[in-house]
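Hello,

Here is the structure we talked about handing over. My notes on what was found follow below it.

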Amino acid sequence: MSLLLLLLLAAAPARAVPASFELSPATTTVLLGAPFDVTGTARLPEGSRLALALQGNATGAYEILEVRVEPAPPEGGSAVFRLRLKAAAFELGETALPALPWTVVPAAGAPEEVLSPPVRLSVIPPQSFTQAPEMHDIREPLSPALWPWLLILLALGSLVGWLWERRRRRKGGSGADAAGGAPDLRTPEQFALDELDLLPGLGLPPKDHYDRMSDIVRAYLEKRYGLPALRMTTYDLLRALRPVDPPSVRAVAKNLFERCDLAKFARYAPEERERTLDLENAREIVRQASRQAFAERLAAPPPGGAA
């Protein structure tokens with residue numbers, strides 16, 4: 001009888017291990033808009049494959065920035081995968097990264113969707129909102145030996161402007177002249193500073209005020225560095241600025257763009273004193289980047305390669 005029972009058990013098909021997920025954040029308290037990591041493990045029936053299926057699924061006030069699925073050695077007849085997610089939160093308070101849909105493709109059979117458990121988090125605003133980072137000069141003050149180059153650059157600028165005006169007049173005028181207005185000859189730096197000076201007088205609500213201030217600074221950085229700054233997230237823009245902007249400018253830009261995101265996405269309404277401070281920080285970003293551009297032009301070799 002015992003031998004018969006053993007033979008029956010050996011002939012019965014093995015029951016597939018159900019899919020299970022374990023996820024935990026690197027920290028349960030995260031900053032608004034700042035990337036954070038979530039790691040975990042998925043255990044699936046042997047021979048299965050796994051992928052995150054976010055298309056058409058909402059993640060609420062969260063954005064999934066990166067997903068890594070790495071196979072691990074099998075355990076107890078189960079396929080094991082190490083998971084790592086990078087996400088960002090855009091809502092303050094006690095919230096949760098929602099249950100995420102994963103596509104499990106078994107060795108035999110149709111794919112199925114399995115949800116990982118939600119991850120509870122506490123989202124807080126950036127800590128340094130009311131304290132502007134200390135600004136430092138990018139380089140030492142210009143030495144007297146550089147002034148001849150400054151005069152040459154000014155003379156060249158005047159010559160280019162004169163030639164452009166002469167060419168325009170020969171063509172009978174176009175663009176803004178044809179419409180009865182003069183062309184805008186301001187530099188990108190002066191244009192951005194003028195727009196920032198006009199911002200307080202518009203009387204915009206906090207969300208629109210910070211949205212406009214962010215667009216002005218991003219448009220300047222786009223022209224200054226050739227980056228698609230107006231279409232980039234704050235996280236991607238700060239990463240792109242890392243190799244080209246000095247740390248002092250990046251620190252102020254990080255603080256300013258985080259506050260802009262907070263006002264746009266979390267209905268944060270700064271006091272008048274904070275709005276004035278943020279506006280001055282926006283001007284300082286433009287001034288610092290402009291001084292850096294000017295110093296780079298002075299340090300560049302003159303035309304023709306002469307010393």
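A salt bridge here is a side-chain nitrogen of Lys or Arg within 4 Å of a carboxyl oxygen of Asp or Glu. Please keep in mind that this is a predicted model.

By that criterion, the structure holds 16 salt bridges. One of them joins Arg-283 to Asp-197, with the closest N and O atoms 2.9 Å apart. This pair links distant parts of the chain, since Arg-283 is in helix α7 (residues 272-299) and Asp-197 in helix α3 (residues 188-198), 86 residues apart. Arg-283 counts as buried at 15% relative accessibility, whereas Asp-197 is partly exposed at 45%. Both belong to a network of salt bridges that also takes in Glu-280, Glu-284 and Arg-287.

Another salt bridge is formed by Arg-43 and Glu-22 (3.9 Å, N to O). Arg-43 lies in strand β3 (residues 36-45) and Glu-22 in strand β1 (residues 20-25), so the pair ties together parts 21 residues apart in sequence. Glu-22 is exposed, with a relative accessible area of 52%, while Arg-43 is partly exposed at 26%.

On the sheet: three strands form an open sheet in the order β4-β8-β9, with antiparallel pairing. β4 (49-52) and β9 (112-115) stand at the edges with a single partner strand each, so one side of each has no neighbour in the sheet. The twist averages 35° from one strand to the next. β8 (residues 101-105) and β9 pair over 4 bridges, and Thr-103 has Glu-113 in β9 as its bridge partner.

Regards

Terms used:
Residues numbered from 1 in each chain as written. Predicted model: local features only at pLDDT ≥ 70, side-chain atom pairs only at ≥ 80, totals over all residues. Heavy atoms only, no water. Pairing = 2+ DSSP bridges. Helix = DSSP H or I, 4+ residues; strand = E, 2+ residues; numbered from the N terminus. Axes fitted to C-alpha atoms, helices over the stretch in contact; angles between N-to-C directions. Buried < 20%, exposed > 50% of the residue type's maximum accessible area, 1.4 Å probe, protein only.
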